[in-house]
Amino acid sequence: MHPIFRSLVLALGLVAAGSAAAQDVPPTLKRIADTGTISLGHRESSIPFSYYDDNQQVIGYSQELMLKVADAVKAELKLPALNIKLVPVTSQNRIPLVQNGTVDLECGSTSNTVERARQVSFSNSIFVVGTRLMTKKTSGVNDFADLAGKNVVVTAGTTSERLLRRYNEEKGLKMNIISAKDHGESFLTLETGRAVAFMMDDALLYGERAKAKRPDDWTVVGTPMSQEAYGCMLRKDDAGFKKVVDAAIAKLMTSGEAAKVYDKWFNKPIPPKGLNLAWPASDGVLSLFKNPNDKPLE
């Protein structure tokens, strides 16, 4: 065989092998039943959804709901015990880790979007947010138009980053957009004066404000650029696992259990500083509790 054709055959073989490997990931429920373990993806600094407390324990609204879903999986499979493997994820690696089987379910602060739904599946939504700005009360920034020519920070790999870059280009505002690795680093960039505003989902902004050295110095402003629904990610084309996850979340929503979890994390003092976000559930969240669904809002 000519060397060129031999190389082509080899390359095609490698592609086929890669595709087969991707297809060989067992259906999630079978793998959980066989191993007695479920791998849950969590965030490290998405207050109050999924983050570390002072003891490096994973806590938060999304984390609590995810653990309740894991209980439902355990009951569905009639397992005497279920080992929980916690896997930290970032905005940049969360989708690949779900796709390659490292993470079975990721519940943090991930927006359900049409683009992402081509790569992974989303559960029934667990929260509704709007994308806004956090800035110093004395900054003079009240809305996105005030950011012309200024440094603005956003967390890399998020829908907020995509929205902000598109807005900057369309409006010709000549912002200097800084991409930080996670929400904690984004807020640090703001807090240390390297940016005049931090764009992100409003709930996350309130969470970062709650851990600030001087929370009263900061305010959340601006007309929401978008409204988005958070969901839990799981692998595509795994209808059996999605059915169990969706049913568990729907039960949490309609039974009033999710409302209690919401109250705990948004209307009561939370770690690390015991501050209260004092943020009553929005109409979007209340509607979601009444009518659970897995539809994106963008």
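Strand β7 (residues 121-136) and strand β10 run antiparallel and are joined by 5 bridges. The model described here is predicted.

**Pairing of strand β10**

- Val153 has Phe198 of β10 as its bridge partner.

**Nonpolar cores**

- The largest nonpolar core has 73 residues, and the members that touch the most others are Tyr61, Leu105, Phe127, Phe241 and Phe266.
- Helix α8 (residues 239-255) contributes the most to this core, giving 7 residues.
- Another core, of 9 residues, lies apart from the largest one and includes Leu97, Val103, Phe122 and Met233.
- Beyond its neighbours within four places in sequence, Leu105 is in contact with Ser39, Leu40, Gly41, Met66, Val69, Cys232, Met233, Leu234, Phe241 and Val245.

**Surface patch**

- Leu67, Ile84 and Leu86 make a nonpolar surface patch of about 210 Å².
- Leu67 belongs to helix α3 (residues 61-76).
- The relative accessible area of Leu67 is 35%, so this residue counts as partly exposed, a class that lies between buried, under 20%, and exposed, over 50%.

Methods
Residues numbered from 1 in each chain as written. Predicted model: local features only at pLDDT ≥ 70, side-chain atom pairs only at ≥ 80, totals over all residues. Heavy atoms only, no water. Core = buried A, V, L, I, M, F, W, Y, C linked by side-chain atoms within 4.5 Å. Buried < 20%, exposed > 50% of the residue type's maximum accessible area, 1.4 Å probe, protein only. Helix = DSSP H or I, 4+ residues; strand = E, 2+ residues; numbered from the N terminus. Contact = heavy atoms within 4.5 Å. Patch = residues over 30% accessible without salt bridge, like charges linked within 9 Å, V, L, I, M, F, W, Y side chains within 5 Å. Areas by Shrake-Rupley, 256 points an atom, 1.4 Å probe, with all protein chains shown as cover. Salt bridge = Lys/Arg side-chain N within 4 Å of Asp/Glu carboxyl O. Pairing = 2+ DSSP bridges.
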